Amino acid sequence: MQVSIACTEQNLRSRNSEDRLCGPRPGPGGGNGGPAGGVHGNPPAGGGSGPKARTAVVPRPPAPPGVLRESTGRGTGMKYRNLGKSGLRVSCLGLGTWVTFGSQISDETAEDVLTVAYEHGINLFDTTEVYAAGKAERTLGNILKSKGWRRSSYVITTVSGCHTLSGETIYRGAETERGLSRKHIIEGLRESLERLQLGYVDIVFANRSDPNSPMEEIVRAMTYVINQGLALYWGTSRWGAAEIMEAYSVARQFNLIPPVCEQVEHHLFQREKVEMQLPELYHKIGVGSVTWSPLACGLITSKYDGRIPDPCRATIKSYQWLKDKVHSEDGKKQQAKAMDLLPIAHQLGCTVAQLAIAWCLRSEGVSSVLLGVSSAEQLIEHLGALQVLSQLTPQTVTEIDGLLGNKPHSKK
């Protein structure tokens with residue numbers, strides 16, 4: 001099936017004329033669309049006297065098109081951003097469950113981590129159907145049920161399809177339990193909801209590890225699960241920019257629901273996609289980014305330092321690829337480069353890990369950065385990145401780019 005990308009550009013000229021993230025445009029009287037000289041505009045000439053005179057409300061200037069509006073939670077300091085250009089507000093730091101709710105730590109520790117995250121303003125919790133063979137979803141569901149938090153106060157995301165780690169494809173075995181067929185998307189999501197003990201998830205991501213599923217089938221299946229109330233939004237995971245654009249075009253062509261964000265790996269040594277490709281999609285079609293692995297599975301810390309400590313993920317049999325990465329020449333170079341950032345971290349009064357997480361948060365179009373932690377203490381340390389973010393001046397970012405020497409450049 002041929003999909004025209006050009007039609008998307010034309011449709012977007014009208015859609016982007018009034019950015020959904022910007023406030024209402026001023027009306028003729030200078031107000032927020034109200035009548036000239038009304039309560040929401042400038043006061044009429046000679047007005048302002050008398051007992052019933054109203055104080056003029058000065059409208060807040062609209063944010064520039066394409067700029068994420070960020071707010072700060074009272075009492076927590078957590079910052080919230082829109083998920084892409086949707087209306088959903090998510091914490092700029094989310095909690096991933098590939099470490100916390102897997103087989104590495106106890107359920108008690110997992111509950112401590114989730115409690116600390118929620119109390120510090122994190123409202124985005126990410127999982128998949130395959131983490132620890134479904135144990136991550138069950139553990140997360142049990143904790144949420146025991147806590148009794150309002151369902152409307154947090155966001156649950158899950159990933160449908162095969163989830164890959166460093167090129168390794170993970171699925172449960174049956175041929176029908178992999179990929180992005182309509183059957184697997186719908187049945188897999190229902191099984192996830194059963195493990196989570198929830199009626200719906202907020203976002204379901206489609207992992208594009210199997211290219212055999214037709215694009216129209218994927219978009220129709222995602223539209224179906226949203227229309228059925230099994231999910232509220234859908235996004236993509238590890239998709240190329242051309243694939244995301246194709247999904248958007250298919251959605252517009254058949255009056256279906258397009259994706260709102262891409263889930264993508266992003267850290268100091270993985271920059272091309274988030275910095276060069278996704279910002280254009282964000283401005284054109286409103287697709288934001290939810291990024292993961294901001295510390296490159298621990299390489300951007302002093303945890304390894306040329307050796308494999310015990311316990312850690314690299315000692316687990318299924319993480320042999322991470323152990324190989326630590327001992328590889330490329331891995332050693334990345335660890336050395338990370339240590340080159342120590343002077344900048346000391347100057348800002350933070351750790352290299354906090355600096356690396358804050359660096360990810362500054363990227364355009366990034367709605368949330370997922371953290372993977374194994375203890376509440378580690379989570380609290382990572383939350384310190386919020387204070388570092390405000391200190392990342394253009395000069396500091398330029399200095400980091402100079403030390404890394406890997407800033408991507410446009411090929412145009």
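User: Is Ser-86 buried or exposed?
Analyst: This is a predicted model, in which local features need pLDDT of at least 70, side-chain atom pairs count only at pLDDT 80 or more, and totals for chains, interfaces and linings use all residues. Residues are numbered from 1 along each chain as its sequence is written, and side-chain values use heavy atoms, with hydrogens and water left out. The classes are buried under 20% relative accessible area, exposed over 50% and partly exposed in between, with a 1.4 Å probe and protein chains only. Because its relative accessible area is 9%, Ser-86 is buried.

User: Which backbone nitrogen lies 3.3 Å from a polar atom of the side chain of Ser-86?
Analyst: Ser-86 is placed in the loop between β2 and β3, where strands are DSSP runs (E, at least two residues) numbered from the N terminus. The nitrogen at 3.3 Å from the Ser-86 side chain belongs to the backbone of Leu-88.

User: What is the bridge partner of Tyr-80 in β3?
Analyst: Two strands pair if DSSP finds at least two bridges between them. β2 and β3 (residues 89-91) pair in the antiparallel sense over three bridges. Within β3, the partner of Tyr-80 is Ser-91.

User: Which residue takes a positive phi near 90° in the hairpin of β1 and β2?
Analyst: Strand β1 (residues 71-72) pairs with β2 in the antiparallel sense over two bridges, and Ser-71 has Tyr-80 as its bridge partner in β2. Six residues lie between the strands of this hairpin, and the one with a positive phi near 90° is Gly-75.

Technical notes
Helices (H or I, at least four residues) and strands (E, at least two) are DSSP runs, numbered from the N terminus. A polar contact is a pair of N or O atoms within 3.5 Å; within protein, one must be able to donate a hydrogen and the other to accept it, and residues adjacent in sequence count only if both atoms are side-chain atoms.
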